[in-house]
Amino acid sequence: QMDILVLLTTLGMLLPLSRMLDFGLSPKKAWPMVGVVAGIGMLAKGPVTCVIPAIVFLTYCISGRLKPRLTNFGFPIAIILGATITASWYGLLFLNERTDVLHEVVVRQNLSRFSEAWDHIQPWWYYLKYFWIEFAPWSLLIPIALTISPTRDSEQKLSRMAWCWILFVTLFFSLSESKRAPYILPIAPAVAILSAGVVERLIEGTLTNLQRRMTLGVAALVSTLFTLGAMVLYFKATGKYPDLAMEAKVLGIALLASGLLMLLGISMYGGNNYLAPLTLVGGIVAFYLTASIFVLPAMNERKSARSFSQIMNKHLEHENATIASYNFWDWRAGYPYYANRIIPNFKHLDSLRKYWDTTENPCLIVESPDDAEIEKHLADIVTIHKQEIGSRTVHLLCRENRDKLGLNE
């Protein structure tokens with residue numbers, strides 16, 4: 001997800017800003033750091049990467065009655081640095097007359113998507129639901145963090161910034177009708193800060209009885225879900241997805257072992273205060289590593305355009321054929337990336353028919369095609385390969401007299 005880059009640049013900007021506001025870092029050093037990271041963020045996903053840390057920074061300044069120190073000499077230096085880095089790509093796009101890409105990145109995917117959403121339309125309370133899911137299990141500790149009053153000055157400042165980070169960034173994205181769970185991924189560091197405060201106090205034994213029971217209850221809930229998840233994977237997933245049975249079993253074993261270790265750590269709390277949080281963290285890490293390294297790569301056949309593009313390339317080389325796409329979203333990048341070739345995209349039947357009638361060996365990629373429409377307007381068409389990729393059915397269409405043996409050699 002591109003939003004992981006927004007998370008990193010948000011963290012990269014807020015770190016020097018917090019050090020400037022609260023710990024004496026010179027603005028002449030802090031602002032240039034912010035400018036460099038802001039420029040990188042603009043390259044990653046456009047203006048939204050600057051809007052998010054700006055929201056956190058300004059609300060934090062207002063809540064603490066702090067001066068944002070925008071009049072310092074370092075601030076214009078930050079703007080110059082950010083603009084220079086941004087121009088390294090945006091400027092080249094403009095000089096090469098690729099204003100379509102500039103419009104897509106800067107205007108359509110940022111301003112238009114926020115103010116005039118055309119997809120991912122969700123109700124205003126969408127993030128009130130997905131906050132708990134996306135950041136689980138650490139999000140389950142946030143209500144407990146709300147009951148804690150930090151005593152140290154530095155911790156009070158950090159806690160206040162984390163709350164500004166979570167509340168106002170979530171509010172900002174809630175104002176748009178276009179909502180997806182990854183959009184609020186940049187608040188993950190704030191969730192980590194607050195939940196770490198709860199875990200730290202659990203280890204120190206400074207939580208109240210109610211707070212301690214709630215924290216251990218979260219760990220018990222996670223361990224129970226892991227154990228149940230292991231059973232579902234073993235008894236359900238292996239039968240439903242036989243080609244992924246081995247991966248499902250391995251993930252199930254990791255879940256079961258992690259869940260049982262968590263229960264052991266919870267049962268021994270009091271005699272060893274470190275064991276419960278260590279087994280919780282260890283179980284989560286083991287689950288993610290197993291899923292990322294072993295399970296998710298095995299799902300590439302179902303989720304990635306790589307295998308389809310490899311089959312397509314084999315056929316194109318065997319037949320010396322030409323490829324194009326029809327009615328694609330303009331920025332569908334998986335097929336040209338994995339095929340390592342430019343794939344023109346036709347949006348209108350007239351241009352598609354011209355391509356089909358004037359090309360010696362034409363082929364076409366279509367996602368979930370309307371067979372009647374395609375067959376009606378193109379002569380001698382046949383499906384060479386069909387594959388499920390995510391929620392889409394992708395077809396490789398060629399002329400009927402094409403030799404198909406190249407696919408099976």
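A residue counts as buried when its relative accessible area is under 20%. Glu 367 has a relative accessibility of 17%, so Glu 367 is buried. The model is predicted.

Glu 367 pairs with Arg 392 in a salt bridge, where the closest N and O atoms are 3.0 Å apart. Arg 392 belongs to strand 5 (residues 392–399) and Glu 367 to strand 3 (residues 362–367), so the bridge ties together parts 25 residues apart in sequence. Arg 392 is partly exposed, at 24% relative accessible area.

## Other salt bridges

The count comes to nine salt bridges. One of them joins Lys 45 to Asp 3, with the closest N and O atoms 2.9 Å apart. This pair links distant parts of the chain: Lys 45 sits in helix 2 and Asp 3 in helix 1, 42 residues apart. Asp 3 is buried, with a relative accessible area of 4%. Lys 45 is partly exposed, at 24%.

Asp 100 and Arg 98 also meet through their side chains in a salt bridge, at 2.9 Å from N to O. Asp 100 is partly exposed, with a relative accessible area of 36%. Arg 98 is partly exposed as well, at 37%. Elsewhere, salt bridges link Arg 152, Glu 155 and Arg 201 in a network.

## The largest pocket

The largest pocket holds about 1,700 Å³ of space. Its lining comprises 49 residues. Nearest the centre lie Gln 1, Met 2, Asp 3, Lys 45 and Arg 180. Two of these names, Lys 45 and Asp 3, are the salt-bridge partners described above.

Helix 5 gives the most, with nine residues. The elements that give two or more residues to the lining are helix 1 (3–22), helix 2 (27–45), helix 3 (48–64), helix 5 (99–115), helix 8 (153–174), helix 9 (188–204) and helix 12 (275–295).

Which residues of helix 16 are buried? In this helix (residues 349–358), they are Leu 349, Leu 352, Tyr 355 and Trp 356. Seen down the helix axis, the buried residues fall within an arc of 125°, so they line one face of helix 16.

The face turned away from the buried side carries exposed residues. These are Asp 350, Lys 354, Asp 357 and Thr 358.

Technical notes: Residues are numbered from 1 along each chain as its sequence is written. This is a predicted model: local features need pLDDT of at least 70, side-chain atom pairs count only at pLDDT 80 or more; totals for chains, interfaces and linings use all residues. Side-chain values use heavy atoms; hydrogens and water are left out. Buried means under 20% relative accessible area, exposed over 50%, partly exposed in between (1.4 Å probe, protein chains only). Helices (H or I, at least four residues) and strands (E, at least two) are DSSP runs, numbered from the N terminus. The arc is that of the directions from the helix axis to the C-beta atoms. On a 1 Å grid over the protein atoms alone, a cavity is a set of points where a 1.4 Å probe fits but cannot get out, and a pocket is an open set with protein on both sides within 12 Å along at least five of seven lines; lining residues have an atom within 4 Å of a point. Grid points are joined across faces, edges and corners, and a volume is the space filled by probe spheres set on the points. A salt bridge is a side-chain nitrogen of Lys or Arg within 4 Å of a carboxyl oxygen of Asp or Glu.
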